[in-house]
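Please examine the sequence and the structure shown below before reading further. The paragraphs that follow lead through them step by step.

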Amino acid sequence: MLGGIIGPVVTVLLAVVFPALAAGVLRALVRTSLLLTLPIAISALLVNLFFFPGGHQVLLRLGPITATAEGLGFALEILVRIMAISGAITLFYLATRPQDLVVDLERRGVSARVAFVANASVQTVPAMVERAQQIAAAQRARGLDTEGSLRRRVRGVLPIVGPVILGSIAEVEERTLALEARGFTRPGRRTLLWWPSDSTRQRLARWALVLALLALVVARIAGRLG
Amino acid sequence: MPDLAVESLIHVYREGGVRAVDGVDLRIGAGERVAIVGQNGSGKSTLVRHLNGLLRPTSGRVLLDGVDAAMRTVAQLARSVGLVFQDPDRQIFAGSVRAEVEYGPRNLGIRGEELRSAVDWALAAVGLEFDAKTNPYDLGASRRKLLALASVLAMRTPVLILDEPTTGQDERGVQRVRSVIGEAHAQGRSVIAISHDMRFVAEGFERVVVMRDGRVTLDGPPEQVFGRDAWDQLAATFLEPPLPAVIGDRLGLGSTPTDEMLIRALASLG
Amino acid sequence: MLTLDEVSYRYAGATRASLRDVSLTLRDGEVLGVVGRSEAGKSTLCLVASGLAPRTLGGTLSGRLLIDGADTAARAMHEMASDVAIGFQNPGTQLSGVATTVYEEVAFGPMNLGIARDEVLRRTESSIDALAIRVLSDRDPDRLSGGQQQLVAIAGLLALAPRHLILDEPTAQLDPAGTRLVSDAIRRLAAGGASILIVEQKVDLLAGVCDRVLALDEGRLTLEGPAGSILADPTLHALGVAEPSPVRLRRLANEARIPSRAIELALGRAANVTDA
């Protein structure tokens, strides 16, 4: 029953748990991962436990529905696979600083402009929110009723949204001029002041992971892992 | 025309816990012209936003003609207190100058002939009477600022608050602002202006309030606030008295905060 | 040396030219002030002199922009950056938005130009010192005051090691403390031999820092000459430009028939006081 589980469990240990331990984020990873996958996990468990076609070995009988051993086996398999995927994604977010990632990508050849957009996007939303607040204050000072009936408040949307959009567009033009004036549009690589350090250990670990992936794929194709 | 009273006003911003206004008591009588000066962060903007209800006190109260402003919504207070913000681009949304100026009075329920005449008067007061159909973004930055001023003038409020009316204005624009303030005063309205321009303040206002770290440190006529005895306090808040005040003091002519006063003092020497 | 030779410029989609037949020269080490009413073409002049118009803005340019006598028409915008750097009045929009520290912000320009890392560091250090903002090096640029942000922006421009610096109303949006910070910095740069073209409404500021001043009216150059005489020119008032405080005082005194000796004495002594 548990034969099909070995592959996924090994993957999770190698690719998720050990690196998380090394990065010091294991506790946060477990917490976040569990939170993320709990709904799916519960439903997958229940559905497969009770409704797995081809389940014979009965574990539990609850009125008209039965829990089967085959069902449990399959459910566990699915659970581990889900944990592998969610664990890997969560590990990526927890162990990587966005700045480091963007700089490293740029060092390896990604265009400076892509890197710029990745970094700058984060700032846009708070700036727009602040702008909208200021505009709302100015319109309220001119009698815009934000405390009255819903109909009145709906009518107040354009005097706020309009300047937010127009202002943001105008600001983009100003920013563009300033960037161009500082050589932003120069083609080719730009000088980087710093980048995340890469050690032999990290490089070995990366290669080890890639090889492990290849090995797993080969084993799968060869039918060894079921 | 109502008077304004601020009693023991304290305002702490929830975000960051900044004590922007730290105990201010102020009375502004009907028809007064008051300038509020101080560095950014001294609490000037926070203070005036309490006068039309945009901000509510953490403690203390604001009274409009004896009635607590807390009893009224911002939209209701907008009938009595008009506030012109510093950045016109964080307000302008209409496709024409006229439509923009109509917005405020329309919100107050003004229609028809009364609306038309209020808008006409406001446009003429700022010199935009021939641009009624122009798209606001076809006006230069200076005139857009005058447009924002007109849009509040048209609401005919008895109290007018201007946040940095001369910043970004050329000399002609500053002249316009001066004449608008003069006319409002002549009509008996109270005018409160936040400004960095000490000459504009000394020449156009009977009363100057200096703020620092959320408190009022000086409050009086320009002769007092820009007089020798106040210089140390002004310097502590990085403000400088206008040139004629410095010259008048050096020549032993007393306090002469404006060019006109200095000239008169020199002339009377014979 | 930066030269505009009979330059006219019309924005894309505009019916009229914003600059007409303007010719001027900004010599190395000179500080040139530009005055005029709103929409007289001062900002347009800055955009043309920096190369942004027409390279980034489009529009039609006639006449020539020359750097050290060589026509710049064929040069791309990023090739202009190391000759002419331009600063604007809004402190916030000049920051790159991607730097977490002031140091990184100042280094942004030379990094873009692909200059060797050591040179980038050297220029960043010297620009930070030139603007006296070393104490701000590790701060987040977004959290600085307007005046501080302008200093950072100007430091960022200096890091490009431009031959000429153009500043379009750098103190327009600043409070008195910020204006003081920036005008003191400009004065130091000027004293250090920088070439600066500066547009300002604050004529007192210009009086304190400019060698020459020119006035624009409806896109045309109408006055040009030594700062002292241009700023005292009575026709300036008709062009919508304010008078510097001492000039105004002298004029009012003349009109009131007060002997000029008293005024000059007063101004001289006041100058000693305010400079102290």
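How many helices and strands make up the secondary structure of chain B? Chain B holds eleven helices and ten strands, where helices (H or I, at least four residues) and strands (E, at least two) are DSSP runs numbered from the N terminus. This is a predicted model, in which local features need pLDDT of at least 70, side-chain atom pairs count only at pLDDT 80 or more, and totals for chains, interfaces and linings use all residues. Residues are numbered from 1 along each chain as its sequence is written, while chains are lettered from A and ligands numbered from 1 in the order in which they are written.

The C-alpha trace of chain B spans about 60 × 45 × 35 Å along its principal axes. Its radius of gyration, taken over C-alpha atoms, is 19 Å, close to the 18 Å that the globule rule gives for 270 residues, so chain B is as compact as a globular protein of that length. The globule rule is 2.2 Å times the number of residues to the power 0.38. Of the 270 residues in chain B, 55% are buried, meaning that 20 or more other C-beta atoms, placed from the backbone, lie within 10 Å of the residue's own.

Attention now turns to chains A and C. In chain A, 23 residues are in contact with 29 residues of chain C; a contact requires C-beta atoms, placed from the backbone, within 7 Å. Helix H5 (112-140) and helix H7 (157-181) of chain A each supply at least two residues of the side that touches chain C. The largest share of that side, nine residues, comes from H7(A).

Notes
Contact = placed C-beta atoms within 7 Å. Buried ≥ 20, exposed ≤ 12 C-beta atoms within 10 Å, placed from the backbone.
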